[in-house]
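Please look over the sequence and the structure before reading on.

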Amino acid sequence: MALVKLNPALGLTGVANALSIDANGHVTKSSQPSVHAYSSSSQNDISTGITTVNLDAEIYDVNSDFNTTNYTFTAPVTGKYLVTMNLVLTDFDTAFQWMYVLGVASNRNYYLNQIDPRLLSQDGIWSFSASSLVDMDANDTFLMKIRTSSHGSAQMNILSGSASATETTMTITLLS
(Lines give C-alpha, C1' and ligand atoms only; values in the text may rest on other atoms or scores of the structure.)
Protein backbone atom coordinates (compact mmCIF):
# COMPACT_ATOMS: atom_id res chain seq x y z
CA MET A 1 0.00 0.00 0.00
CA ALA A 2 1.28 3.45 -0.89
CA LEU A 3 1.62 6.11 1.75
CA VAL A 4 -1.03 8.81 1.81
CA LYS A 5 0.10 11.84 3.78
CA LEU A 6 -2.49 13.60 5.91
CA ASN A 7 -2.17 17.15 7.16
CA PRO A 8 -2.82 17.31 10.94
CA ALA A 9 -3.39 21.08 10.62
CA LEU A 10 -6.51 20.30 8.57
CA GLY A 11 -7.84 17.86 11.15
CA LEU A 12 -7.27 14.80 8.97
CA THR A 13 -5.36 12.66 11.47
CA GLY A 14 -8.39 10.54 12.43
CA VAL A 15 -9.32 9.48 8.89
CA ALA A 16 -6.31 7.41 7.92
CA ASN A 17 -8.53 4.59 6.63
CA ALA A 18 -10.92 6.89 4.74
CA LEU A 19 -8.64 6.90 1.69
CA SER A 20 -6.33 4.16 0.51
CA ILE A 21 -4.24 3.68 -2.61
CA ASP A 22 -2.88 0.22 -3.34
CA ALA A 23 0.36 -0.62 -5.15
CA ASN A 24 -1.50 -0.64 -8.50
CA GLY A 25 -2.91 2.85 -7.98
CA HIS A 26 -6.46 1.76 -7.12
CA VAL A 27 -8.08 4.38 -4.89
CA THR A 28 -10.78 3.44 -2.41
CA LYS A 29 -12.68 5.83 -0.16
CA SER A 30 -14.49 3.82 2.49
CA SER A 31 -16.59 6.78 3.67
CA GLN A 32 -17.57 8.06 0.20
CA PRO A 33 -21.32 8.91 0.23
CA SER A 34 -23.09 6.25 -1.83
CA VAL A 35 -26.52 4.61 -1.76
CA HIS A 36 -28.47 2.01 -3.72
CA ALA A 37 -32.16 2.25 -2.80
CA TYR A 38 -35.04 0.30 -4.30
CA SER A 39 -38.77 -0.17 -4.04
CA SER A 40 -39.69 -3.34 -2.14
CA SER A 41 -43.46 -2.86 -2.44
CA SER A 42 -45.37 -1.96 -5.59
CA GLN A 43 -47.37 1.24 -5.91
CA ASN A 44 -50.60 0.39 -7.69
CA ASP A 45 -53.01 2.65 -9.57
CA ILE A 46 -50.88 5.76 -9.07
CA SER A 47 -52.64 9.05 -9.63
CA THR A 48 -51.95 11.41 -12.50
CA GLY A 49 -49.66 14.36 -11.88
CA ILE A 50 -46.57 14.02 -9.66
CA THR A 51 -46.03 10.89 -7.55
CA THR A 52 -43.08 10.18 -5.25
CA VAL A 53 -41.50 6.79 -5.89
CA ASN A 54 -41.45 4.83 -2.63
CA LEU A 55 -37.84 3.69 -2.38
CA ASP A 56 -38.31 1.92 0.94
CA ALA A 57 -35.32 -0.43 1.05
CA GLU A 58 -31.55 -0.33 0.50
CA ILE A 59 -28.86 -2.63 -0.76
CA TYR A 60 -26.22 -0.35 0.75
CA ASP A 61 -26.08 3.13 2.23
CA VAL A 62 -22.60 4.34 3.14
CA ASN A 63 -22.96 7.01 5.88
CA SER A 64 -26.75 6.49 6.22
CA ASP A 65 -27.60 9.45 3.94
CA PHE A 66 -30.85 7.92 2.57
CA ASN A 67 -34.12 7.87 4.50
CA THR A 68 -36.32 4.88 3.59
CA THR A 69 -39.30 6.42 5.40
CA ASN A 70 -39.57 9.58 3.28
CA TYR A 71 -37.51 8.23 0.32
CA THR A 72 -35.06 11.14 0.49
CA PHE A 73 -31.30 11.35 0.01
CA THR A 74 -29.61 14.15 1.98
CA ALA A 75 -26.18 15.24 0.79
CA PRO A 76 -23.69 15.08 3.67
CA VAL A 77 -21.20 17.37 1.89
CA THR A 78 -21.18 19.84 -1.00
CA GLY A 79 -20.25 18.26 -4.32
CA LYS A 80 -21.31 16.76 -7.63
CA TYR A 81 -23.40 13.63 -7.20
CA LEU A 82 -24.10 11.08 -9.93
CA VAL A 83 -27.76 10.04 -9.71
CA THR A 84 -29.16 7.11 -11.69
CA MET A 85 -32.81 6.10 -11.64
CA ASN A 86 -34.64 3.12 -13.10
CA LEU A 87 -38.43 3.18 -13.09
CA VAL A 88 -40.36 0.02 -14.00
CA LEU A 89 -44.04 0.48 -14.88
CA THR A 90 -47.05 -1.56 -16.00
CA ASP A 91 -50.61 -0.82 -17.08
CA PHE A 92 -50.09 2.47 -18.88
CA ASP A 93 -53.10 4.60 -19.53
CA THR A 94 -52.58 5.52 -23.17
CA ALA A 95 -54.64 8.69 -22.60
CA PHE A 96 -51.56 10.28 -20.95
CA GLN A 97 -50.06 12.82 -23.33
CA TRP A 98 -46.64 12.66 -21.68
CA MET A 99 -44.80 11.06 -18.80
CA TYR A 100 -41.27 11.36 -17.45
CA VAL A 101 -38.94 10.45 -14.65
CA LEU A 102 -38.55 13.46 -12.37
CA GLY A 103 -35.59 14.03 -10.06
CA VAL A 104 -36.38 16.64 -7.42
CA ALA A 105 -33.39 18.29 -5.78
CA SER A 106 -33.44 21.16 -3.28
CA ASN A 107 -32.24 23.61 -5.92
CA ARG A 108 -33.90 22.40 -9.17
CA ASN A 109 -35.96 19.73 -10.88
CA TYR A 110 -34.49 17.28 -13.40
CA TYR A 111 -37.01 16.28 -16.11
CA LEU A 112 -35.59 13.11 -17.63
CA ASN A 113 -36.63 10.51 -20.18
CA GLN A 114 -39.87 12.04 -21.39
CA ILE A 115 -42.11 9.68 -23.37
CA ASP A 116 -45.50 9.78 -25.04
CA PRO A 117 -47.47 6.82 -23.60
CA ARG A 118 -49.96 7.04 -26.48
CA LEU A 119 -47.27 5.35 -28.58
CA LEU A 120 -47.03 2.40 -26.18
CA SER A 121 -49.28 -0.53 -25.47
CA GLN A 122 -50.90 -0.89 -22.07
CA ASP A 123 -49.74 -4.48 -22.04
CA GLY A 124 -46.28 -5.37 -20.85
CA ILE A 125 -43.68 -4.00 -18.53
CA TRP A 126 -41.80 -0.81 -19.39
CA SER A 127 -38.49 0.28 -17.90
CA PHE A 128 -37.23 3.85 -18.06
CA SER A 129 -33.70 4.76 -17.02
CA ALA A 130 -32.36 8.24 -16.39
CA SER A 131 -29.23 9.78 -14.93
CA SER A 132 -27.84 13.20 -14.17
CA LEU A 133 -24.88 14.82 -12.49
CA VAL A 134 -26.46 16.85 -9.69
CA ASP A 135 -24.80 19.82 -7.97
CA MET A 136 -25.71 19.59 -4.28
CA ASP A 137 -24.72 21.60 -1.24
CA ALA A 138 -24.43 19.97 2.18
CA ASN A 139 -27.95 19.14 3.47
CA ASP A 140 -29.58 19.46 0.02
CA THR A 141 -32.08 16.68 -0.68
CA PHE A 142 -33.03 14.54 -3.68
CA LEU A 143 -36.15 12.47 -4.42
CA MET A 144 -37.22 10.28 -7.34
CA LYS A 145 -40.67 10.98 -8.74
CA ILE A 146 -42.78 10.29 -11.81
CA ARG A 147 -44.85 12.96 -13.54
CA THR A 148 -47.70 12.38 -15.95
CA SER A 149 -50.14 14.64 -17.74
CA SER A 150 -53.54 14.98 -16.08
CA HIS A 151 -55.22 12.97 -18.84
CA GLY A 152 -56.42 9.46 -18.22
CA SER A 153 -57.04 7.51 -15.06
CA ALA A 154 -55.12 6.14 -12.11
CA GLN A 155 -54.26 2.67 -13.37
CA MET A 156 -50.46 2.64 -13.82
CA ASN A 157 -48.31 0.63 -11.41
CA ILE A 158 -44.73 1.13 -10.22
CA LEU A 159 -43.14 -2.30 -9.85
CA SER A 160 -41.06 -3.38 -6.90
CA GLY A 161 -38.41 -5.99 -6.35
CA SER A 162 -36.09 -7.45 -3.76
CA ALA A 163 -32.44 -7.01 -2.84
CA SER A 164 -31.53 -9.90 -5.12
CA ALA A 165 -33.82 -8.80 -7.98
CA THR A 166 -34.34 -5.04 -7.93
CA GLU A 167 -36.66 -3.35 -10.42
CA THR A 168 -37.38 0.29 -9.53
CA THR A 169 -34.12 1.70 -8.15
CA MET A 170 -32.07 4.83 -7.50
CA THR A 171 -28.34 5.06 -6.92
CA ILE A 172 -26.46 8.16 -5.78
CA THR A 173 -22.72 8.57 -5.27
CA LEU A 174 -20.46 11.56 -4.68
CA LEU A 175 -18.09 12.07 -7.62
CA SER A 176 -16.30 15.29 -6.72
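The sections below go from the overall make-up to individual residues.

## Overall make-up

The model is predicted. The protein has 15 strands and 0 helices. Of its 176 residues, 40% are buried. Among contacts with a separation of 6 or more, 71% are between residues 24 or more positions apart.

The accessible surface of the protein comes to about 9,000 Å². Carbon and sulfur atoms contribute 49% of that area.

Strand β3 covers residues 34-38. All of it is under cover: 5 of its 5 residues are buried, so β3 is largely enclosed by the rest of the structure. In a regular strand, side chains alternate between the two faces of the sheet. For β3, one side carries Ser-34, His-36 and Tyr-38, the other carries Val-35 and Ala-37, and both faces are covered.

Two pairings of β3 can be described. With β6, β3 runs antiparallel and is joined by 5 bridges; Ser-34 has Val-62 as its bridge partner in β6. With β15, the pairing is also antiparallel and also has 5 bridges; here the bridge partner of Ser-34 is Thr-173. Ser-34 therefore counts as a buried residue with a bridge partner in β6 and another in β15.

## The β10-β11 hairpin

A hairpin of 3 residues connects β10 to β11. The two strands pair in the antiparallel sense over 5 bridges, and one of the residue pairs is Gly-103 with Tyr-110 in β11.

## The nonpolar core

Nonpolar side chains tend to be buried together in soluble globular proteins. In this model, the largest nonpolar core contains 34 residues. Within that core, the residues with the most contacts are Phe-73, Leu-89, Phe-142 and Met-170. The largest share, 5 residues, comes from β9.

What is Met-170 in contact with, leaving aside its neighbours within four places in sequence? The list includes Val-35, His-36 and Ala-37, which belong to the buried strand β3. Met-170 also touches Leu-55, Phe-66, Val-83, Thr-84, Met-85, Phe-142 and Met-144. One of these, Phe-142, is itself among the residues with the most contacts inside the core.

Thr-90 lies in strand β9. Is Thr-90 buried or exposed? Its relative accessibility is 10%, under the 20% limit, so Thr-90 counts as buried. Beyond its neighbours within four places in sequence, Thr-90 is in contact with Gly-124, Ile-125, Met-156, Asn-157 and Leu-159.

Side chains of opposite charge can pair when their charged atoms come close. The structure has 1 salt bridge. The side chains of Lys-80 and Asp-135 form it, with a distance of 3.7 Å from N to O. Lys-80 is in strand β9 and Asp-135 is in strand β12, 55 residues apart, so the pair links distant parts of the chain. Both ends are partly exposed: Lys-80 has a relative accessible area of 36%, and Asp-135 has 32%.

## A nonpolar surface patch

Leu-82, Leu-133 and Leu-175 make up a nonpolar patch on the surface. Together, these three residues have about 260 Å² of accessible area. Leu-175 is in the segment after β15 (169-174).

## Positive phi angles

Which phi values belong to Asp-45 and Asn-63? Asp-45 has a positive phi of about 50° although it is not a glycine. Asn-63, also not a glycine, has a positive phi of about 80°.

Asp-45 is in strand β4 (residues 43-46), whereas Asn-63 is in the loop between β6 (57-62) and β7 (66-67). Both are partly exposed, Asp-45 at 47% relative accessibility and Asn-63 at 41%.

Methods:
Residues are numbered from 1 along each chain as its sequence is written. This is a predicted model: local features need pLDDT of at least 70, side-chain atom pairs count only at pLDDT 80 or more; totals for chains, interfaces and linings use all residues. Side-chain values use heavy atoms; hydrogens and water are left out. Patches are made of residues with over 30% relative accessible area and no salt bridge: like charges are joined within 9 Å, nonpolar side chains (Val, Leu, Ile, Met, Phe, Trp, Tyr) within 5 Å. Accessible areas come from the Shrake-Rupley method with a 1.4 Å probe; for residues, only the protein chains shown count as cover. A salt bridge is a side-chain nitrogen of Lys or Arg within 4 Å of a carboxyl oxygen of Asp or Glu. Helices (H or I, at least four residues) and strands (E, at least two) are DSSP runs, numbered from the N terminus. A nonpolar core is a set of buried Ala, Val, Leu, Ile, Met, Phe, Trp, Tyr and Cys residues joined through side-chain atoms within 4.5 Å. Buried means under 20% relative accessible area, exposed over 50%, partly exposed in between (1.4 Å probe, protein chains only). Contact means heavy atoms within 4.5 Å. Two strands pair if DSSP finds at least two bridges between them.
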